[in-house]
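Me: I would like to learn how to read pockets and helix packing in a model. Can we work through one case together?
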Amino acid sequence: MFDPDIAPSGTLLGLLQRGRGDGTLHALAAPRAEALAALNDSVLRDPRRDWQLENRSLYYARLYMQLDGGLEEIERHLFHPDDRTDTREERTGLALSVLGHLASYGRDAALLLLRSYAAVGGNWRWALDELALRDDDEGLLSLAPAVLARFPETPEGEAELAAAVRDAFEPRPWRLWAEDARYGARVRAAGEQGSFDRWQRQLTPSGPRPGWSVREILQWAEDGRAERPAEWRTGAAARCLGAVAGPEDRPQLLAAARSGPDAARAAALRHLAERGDPEALDLIEDAASDPLACPELVEAATGAFCRMRSVAAVERARVWARRPDRLGAVAAALLARRGGSRDADTVLAVLRRTVQAEGPDAAGLWELADGAGRLGVECAAPVLRHIYRETSSSHLRGRAAAALAATDPGFAAGFAVECLWDCEETTRELAARTAATGDARVVEQLRRLAADPAEETEVQTAVRGRIGPDAAEV
């Protein structure tokens, strides 16, 4: 996760960075040079808040095709000297994914660029994965000498090669090379070594293991905090407690959850919460409200509450949701997930408060937006529209769109239309099911999505439900 530099939502660059459908529509209406400049900026400086979760590559590739954009800027970015020193996948991953989609659309220049980068680039594994899905056998075989030359024929080099074969996301190139007489013996040996390494790790795990008593598990949790302060063993310790703790251990667990060392306290709280202990809610409140508690303990306590499913937890959430702290936020989120119609006003109030205090990218908005839609809070439509327009997270925008579909009567003729061009497949699927067809652009885009081989199956299924032979609407 990182915090990218996002342009205002009312600009072409800001729309493209967010992956909004209006970004495509505005780019097609703008001067071509301006549109291509904004598109290249978005591709070369990845705008996603979470590059492993949010989609942009197909969205940008489609726009390159519609604008007939050249690939010179992408080529300069990939082969820039920084590629030798900045090895982060997020520097080049988006550009490589865009090239992969362009190759699938028949852009030979994109395919050649991927081959060139796979041969010499720093993020060659990503490029090879893209080619594995789209290149022919001859093209992949031509890359074998360059890729294998990255691994010297030394014990260290062979170990690195075995790891590369073992961890390959797309195994097709390695399988082809293993069948080639020129490279087969070495690649097969690397594959066998990788499989042996994986089996050996599974047979003899090297991770830390606690003793099999409540006292030893709680101490193991505390030892983990001392060894790695940023990685508490709360979840693992709670699972171990679930395996060994019996009714006779409850007093010890209650004592640990009430006043034990922080890491042991966190593990005990989670264990008690998962088992619906009648004292768990009071203990969670004590830990979350303790002015001396460290942030990790507060997060563990509220996380334990989030995992509770009892009626008592919902009742307590109705009390805690008024609090302005972290416990109040998770209580409101629980009401959004599990509350009833009587909780609609509370969810709406916290939704508004969160946007006002933390902005349209606040982490807590995901579940609150879902809750506003689930509870059918029609008064939430204005703040949901604000989140939809302003958030830089395409996933949160999709959540807001789904909530608007349930709360805003104007959604079908409004935001649903632009959602047909959105970067997220789930948002396009929602639009394909709901967008009003009075706008001629809707019918045209539905047909385009139905015919696009790169479109996701779920989206095409939704489209065909609107334009199929039995659908009279279109």
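Me: How many nonpolar, polar and charged residues does the lining of the largest pocket have, by class?

Reply: The model is predicted, so keep that in mind. The lining of the largest pocket has 9 nonpolar, 6 polar and 7 charged residues.

Me: How is such a space found, and what volume lies in the largest pocket here?

Reply: The general idea is simple. Rolling a probe the size of a water molecule over the atoms shows where empty space is left. In this predicted model, the largest pocket holds about 580 Å³ of space. Its lining counts 22 residues, and Arg 125, Trp 126, Asp 129, Phe 169 and Glu 170 are the closest to the centre.

Me: Which elements give two or more residues to the lining of the largest pocket?

Reply: Look for helix 7 (89–104), helix 9 (124–134) and helix 11 (155–167). Helix 9 gives the most, with 8 residues.

Me: What is the volume of the second largest pocket, and which residues are closest to its centre?

Reply: The volume of the second largest pocket is about 400 Å³. Asn 55, Ser 57, Leu 58, His 101 and Glu 456 are the closest to its centre, out of 22 lining residues. Helix 4 (57–67), helix 7, helix 9 and helix 27 (425–434) each give two or more residues to this lining. The largest share comes from helix 7, with 5 residues.

Me: And how does the lining of the second largest pocket divide by class?

Reply: Count 8 nonpolar, 7 polar and 7 charged residues.

Me: Now to helix packing. At what angle do helix 8 and helix 10 pack, and how far apart are their axes?

Reply: Read the angle together with the distance. Helix 8 (residues 108–120) packs against helix 10 (residues 137–148) at about 25°, and the axes are 8 Å apart. Angles under 35 degrees count as roughly parallel, so helix 8 is roughly parallel to helix 10. The crossing of these two helices is right-handed.

Me: Which residues of helix 8 and helix 10 meet?

Reply: From helix 8 come Arg 115, Ala 118 and Ala 119. By class, the contact of helix 8 with helix 10 has 5 nonpolar residues, 1 polar and 1 charged.

Me: How do I read helix 14 and helix 16: at what angle do their axes cross?

Reply: The axes of helix 14 (residues 214–227) and helix 16 (residues 250–259) cross at roughly 20° and come within 10 Å. That angle makes helix 14 roughly parallel to helix 16. The crossing of helix 14 and helix 16 is right-handed. Val 214, Arg 215 and Leu 218 of helix 14 make the contact with Gln 252, Leu 253 and Ala 256 of helix 16. This contact has 4 nonpolar, 1 polar and 1 charged residues.

Me: Is helix 21 parallel or oblique to helix 22?

Reply: Start from the angle. The axes of helix 21 (residues 326–338) and helix 22 (residues 344–358) cross at roughly 130° and come within 9 Å. That makes helix 21 oblique to helix 22. Helix 21 passes helix 22 in a left-handed crossing.

Me: What makes the contact of helix 21 with helix 22, and how does it divide by class?

Reply: Ala 332, Leu 335 and Ala 336 of helix 21 touch Thr 346, Val 347 and Val 350 of helix 22. The classes are 5 nonpolar, 1 polar and no charged residues.

Notes:
Residues are numbered from 1 along each chain as its sequence is written. This is a predicted model: local features need pLDDT of at least 70, side-chain atom pairs count only at pLDDT 80 or more; totals for chains, interfaces and linings use all residues. Side-chain values use heavy atoms; hydrogens and water are left out. On a 1 Å grid over the protein atoms alone, a cavity is a set of points where a 1.4 Å probe fits but cannot get out, and a pocket is an open set with protein on both sides within 12 Å along at least five of seven lines; lining residues have an atom within 4 Å of a point. Grid points are joined across faces, edges and corners, and a volume is the space filled by probe spheres set on the points. Helices (H or I, at least four residues) and strands (E, at least two) are DSSP runs, numbered from the N terminus. Ala, Val, Leu, Ile, Met, Phe, Trp, Tyr, Cys and Pro count as nonpolar, Asp, Glu, Lys and Arg as charged, and the others, Gly among them, as polar. Axes are lines fitted to C-alpha atoms, for helices over the stretch in contact, and angles run from 0 to 180 degrees between N-to-C directions. Angles under 35 degrees count as roughly parallel, over 145 as roughly antiparallel, 65 to 115 as roughly perpendicular and the rest as oblique. A crossing is left-handed if the near helix is turned anticlockwise from the far one by less than a right angle, and right-handed if clockwise. Contact means heavy atoms within 4.5 Å.
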